[in-house]
Amino acid sequence: MMDVIVSSMESLCFKIDVSEEERRECVRKVRERKMGYLWENMDKFSIQEERRKTEEQRKKTEEERKKAEEQQVRAENAERKLSETEEKLRAAEALIKQLNGKKENKASEKEF
């Protein structure tokens, strides 16, 4: 009977991710019959509460991921607009130089 209880205790400890040290201590207490009432030294643990917390965290993480993706899209759009604006500026500067060059040519033709 004791082996069954010890095996159950070890299995439970593995399932709830108890540290190796704590698991050994629990098993030792069971083997030495120093455990008092079964499970009395175990911290209360609510699977439902942990599932709820995990789901909340998953939702928060998903929301943050979506926000990050939206910010990435906005940044890419801003970068694209900046590139377009810079291209327009370069074209305008080239046109201004071209117009200034034509003005200078006309001015020098009038001098002759």
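The chain has 3 helices and 0 strands (helices are DSSP runs of H or I of at least four residues, strands runs of E of at least two, numbered from the N terminus). This is a predicted model, in which local features need pLDDT of at least 70, side-chain atom pairs count only at pLDDT 80 or more, and totals for chains, interfaces and linings use all residues. Residues are numbered from 1 along each chain as its sequence is written, and side-chain values use heavy atoms, with hydrogens and water left out.

## Exercise 1

Determine how α1 and α2 are oriented relative to each other.

Step 1. The axes of α1 (residues 2–15) and α2 come within 10 Å and cross at roughly 165°. Axes are lines fitted to C-alpha atoms, for helices over the stretch in contact, and angles run from 0 to 180 degrees between N-to-C directions.

Step 2. Angles under 35 degrees count as roughly parallel, over 145 as roughly antiparallel, 65 to 115 as roughly perpendicular and the rest as oblique. The two helices, α1 and α2, are therefore roughly antiparallel.

Step 3. Residues making the contact (heavy atoms within 4.5 Å) include Glu10, Cys13 and Phe14 of α1 and Arg23, Cys26 and Val27 of α2.

## Exercise 2

Step 1. Arg23 lies in helix α2, which spans residues 20–31.

Step 2. Apart from neighbours within four places in sequence, Arg23 is in contact with Glu10, Cys13, Phe14 and Val18.

## Exercise 3

Characterise the salt bridge between Glu25 and Arg28.

Step 1. The closest N and O atoms of Glu25 and Arg28 are 2.4 Å apart.

Step 2. Glu25 and Arg28 are 3 residues apart in helix α2, so about one helical turn separates them.

Step 3. Glu25 is partly exposed at a relative accessible area of 34%, and Arg28 is partly exposed at 33%.

Note on methods
A salt bridge is a side-chain nitrogen of Lys or Arg within 4 Å of a carboxyl oxygen of Asp or Glu. Buried means under 20% relative accessible area, exposed over 50%, partly exposed in between (1.4 Å probe, protein chains only).
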